[in-house]
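Good morning, and thank you for the time.

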Amino acid sequence: AYVNPDATMMSEDRGALHIAFVGEGDAEDAGVAGANSPAMLIRALRQAGHRVTAVDCEVYGARRGLVAAMTWSANRERWTGRYHLHPRAHAARTRNARRGLAAIAGRLDAVIQYGSAFDATLPDVPTFIWCDTCATVTRNEPFSWMTALSPREQDVVAAREGALFRRVAGVLPWSRYAGDRIAAVTGAPADRVHVTYVGPSLELGRAAAERRSWQGPTVRVLFVGREFARKGGDLLLDAVASLRADRHDVRVTLVGPSSLPAAPDFVDFLGFLDKSRPADVERLVDAYRDADIFCLPTRREPFGIAVAEAMLARLPVVATSLSAIPEMVEEGTTGYLVNVDDRAALVDRLRRLVTDAGLRERMGEAGLSRARARFSWGAVAASVVDAIRTAVPA
């Protein structure tokens with residue numbers, strides 16, 4: 001296990017906490033999957049005066065190869081699901097988590113584990129799970145690791161997660177939707193579920209402040225999502241093609257996928273932008289700044305951080321009405337919500353925004369105000385600390 005101790009000075013405040021944050025991969029690496037949310041939370045907690053020690057429980061080297069071999073399947077999707085959720089993979093990460101926690105000097109007030117693909121609980125330290133969802137919730141959802149497993153394997157995962165969520169001191173979901181679903185499928189006590197929400201993966205103040213005129217002749221629709229099919233990128237391109245066929249001057253800026261074969265000529269493809277690289281971060285901020293509309297017609301979405309980011313960049317949003325997205329997008333005020341794979345509705349809502357610059361501006365301003373109040377990292381860190389204090393003796 002890799003342990004990265006906090007190098008900052010602890011606050012003199014007696015209320016400061018010492019927290020271990022355990023995740024798969026270096027939680028302080030801004031380029032790690034998960035929209036770098038762990039790195040941003042750790043930073044916010046430290047800025048609030050708390051000491052945070054990051055523990056990497058992922059499996060590396062020869063042991064990683066062994067786990068991959070033990071979970072192997074000829075079907076790549078099934079292999080991916082088994083590698084993340086199989087009991088042997090879970091056990092390997094759990095061992096690393098426990099070793100990393102044992103190496104931390106000094107008293108720990110709490111452990112936060114990112115997700116449930118391992119068990120970082122300690123007998124004498126309250127443990128909290130910070131997550132956008134859990135595998136059991138996604139059991140019947142498309143593009144989920146669970147759908148690649150056999151029913152028996154799914155039952156094993158569900159039983160393991162249920163035991164974990166019922167045992168921990170608290171569950172810290174990113175949305176009310178996630179909290180309700182996790183409690184329903186795992187049996188986690190409702191009084192231990194504390195919604196924290198989540199913040200953006202980058203600072204977007206410049207994008208909001210430097211937005212170009214809403215009166216530009218070409219309307220740019222921004223899509224940000226690494227998993228193109230799951231996020232509904234194909235549906236967006238089809239909808240924009242329809243608008244262009246009706247002589248609307250619309251282009252798409254597409255961020256996320258590493259490659260996109262045969263992209264239409266109205267697409268500006270930026271590819272994958274690594275948030276650990278300052279130049280890539282600048283390009284992503286520029287993409288938010290130069291867009292007129294943000295669209296994410298996703299088919300499965302545990303949370304949808306890019307939606308909150310778009311609102312913080314003062315963009316109206318058109319997105320799918322599922323999971324946590326309705327907690328962000330207020331229908332008709334900050335954007336529009338459509339059903340999954342509803343092409344006609346997507347074209348209609350995009351057309352309304354494409355043809356009305358004033359509407360885009362009003363929705364963008366309303367979205368910015370709503371996002372600032374709910375999705376700042378300071379507010380998220382405060383919610384996490386409040387949840388911890390309910391379980392940590394004074």
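At what angle do helix α10 and helix α13 pack, and how far apart are their axes? Please bear in mind that this is a predicted model. Helix α10, residues 305-312, packs against helix α13, residues 357-374, at an angle of about 115°, and the axes are 7 Å apart. The crossing of these two helices is left-handed. On the α10 side, the contact is made by A308, M311 and L312. Helix α13 contributes G364, G367, L368, R370, A371 and R372. Sorted by class, this contact comprises five nonpolar, two polar and two charged residues.

I turn now to a second pair. Helix α8, residues 233-245, and helix α12, residues 343-354, pack at about 55°, with 9 Å between their axes. The two are therefore oblique to each other, and α8 passes α12 in a right-handed crossing. From α8, the residues L235, L236, D238, A239, S242 and L243 meet R343, L346, V347, L350, R351 and V354 of α12. Eight of the residues in this contact are nonpolar, one is polar and three are charged.

Finally, let us consider helix α3, residues 76-85. Which of its residues are buried? They are G81, R82, Y83, H84 and L85. Their cover includes α2 (61-70), α4 (87-102) and α5 (151-167). The N-terminal end of α3 is capped by N75, which places a side-chain oxygen 2.9 Å from the backbone nitrogen of E77.

Thank you; I welcome discussion.

How values were computed: Residues are numbered from 1 along each chain as its sequence is written. This is a predicted model: local features need pLDDT of at least 70, side-chain atom pairs count only at pLDDT 80 or more; totals for chains, interfaces and linings use all residues. Side-chain values use heavy atoms; hydrogens and water are left out. Buried means under 20% relative accessible area, exposed over 50%, partly exposed in between (1.4 Å probe, protein chains only). Helices (H or I, at least four residues) and strands (E, at least two) are DSSP runs, numbered from the N terminus. Contact means heavy atoms within 4.5 Å. A polar contact is a pair of N or O atoms within 3.5 Å; within protein, one must be able to donate a hydrogen and the other to accept it, and residues adjacent in sequence count only if both atoms are side-chain atoms. Axes are lines fitted to C-alpha atoms, for helices over the stretch in contact, and angles run from 0 to 180 degrees between N-to-C directions. A crossing is left-handed if the near helix is turned anticlockwise from the far one by less than a right angle, and right-handed if clockwise. Ala, Val, Leu, Ile, Met, Phe, Trp, Tyr, Cys and Pro count as nonpolar, Asp, Glu, Lys and Arg as charged, and the others, Gly among them, as polar. Angles under 35 degrees count as roughly parallel, over 145 as roughly antiparallel, 65 to 115 as roughly perpendicular and the rest as oblique.
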